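Good morning, colleagues. Please turn to the sequence and the structure on the screen, and I shall take you through a few side chains.

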Amino acid sequence: MPKHRPPGARCLVYAPPVKWELADDGQLELVPDFIPADARGPVFERLRQVVPFEAKQIGMMGRTVDQPRLPAWVGDASALYTYSGVQNVPVPWPPVLAELR
């Protein structure tokens with residue numbers, strides 16, 4: 001089984017990862033069917049239940065507006081992130097994301 005699949009994941013057709021080199025030495029990797037099709041719904045429901053999505057406000061063109069999505073910042077304690085003047089402090093990895101990590 002490929003090393004990038006979570007334990008117990010099965011896929012009848014394997015597509016190799018697609019990789020991009022980004023600016024500033026960044027990398028992006030897309031792993032097709034990383035989560036098998038029949039597991040996507042249950043994984044998504046688990047994520048909706050445990051990830052702390054929240055409404056936030058951001059500064060845009062000199063005024064404060066509601067962000068047009070429900071973000072959640074999950075990560076290691078040192079993964080502080082500032083977006084549009086709002087500092088995001090990560091919450092610890094919930095088990096469902098830690099398994100996928």
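Let us begin with Arg40, which counts as partly exposed because its relative accessibility is 38%, between the limits of 20% and 50%. Please keep in mind that we are looking at a predicted model. What does Arg40 form a salt bridge with? The partner is Asp33, and the closest N and O atoms of the two are 2.5 Å apart. Asp33 is likewise partly exposed, at 32% relative accessibility.

In general terms, side chains of opposite charge can pair when their charged atoms come close. How many salt bridges does a search of the whole structure find? The search gives five, and I shall describe some of them.

One of these joins Glu54 to Lys56, with the closest N and O atoms 3.8 Å apart. That distance falls within the cut-off of 4 Å, and therefore the pair is counted as a salt bridge. Glu54 has a relative accessible area of 40% and is partly exposed.

Another salt bridge is formed by Arg101 and Asp76, whose closest N and O atoms lie 3.0 Å apart. Where in the chain do Arg101 and Asp76 sit? Arg101 belongs to the segment after helix H2, which spans 95-100. Asp76 is in the loop between strand S4 (63-66) and strand S5 (81-83). The two residues are 25 residues apart, and the pair links distant parts of the chain. As for accessibility, Arg101 is exposed, with a relative accessible area of 58%, whereas Asp76 is partly exposed, at 38%.

The loop between S4 and S5 also holds Gln67. Is Gln67 buried or exposed? With a relative accessible area of 13%, Gln67 is buried, because this value is under 20%. Which residues is Gln67 in contact with, leaving aside its neighbours within four places in sequence? They are Lys56, Gln57, Ile58 and Tyr83.

Across the whole structure, the search finds one aromatic pair. The rings are those of Trp73 and Tyr81; their centres are 4.7 Å apart and their planes meet at 20 degrees, so the pair is stacked. The reasoning rests on the angle, since planes under 30 degrees apart count as stacked.

Thank you for your attention.

Definitions and conventions. Residues numbered from 1 in each chain as written. Predicted model: local features only at pLDDT ≥ 70, side-chain atom pairs only at ≥ 80, totals over all residues. Heavy atoms only, no water. Phe/Tyr/Trp six-rings, centres within 6.5 Å; stacked < 30°, edge-to-face > 60°. Salt bridge = Lys/Arg side-chain N within 4 Å of Asp/Glu carboxyl O. Buried < 20%, exposed > 50% of the residue type's maximum accessible area, 1.4 Å probe, protein only. Helix = DSSP H or I, 4+ residues; strand = E, 2+ residues; numbered from the N terminus. Contact = heavy atoms within 4.5 Å.
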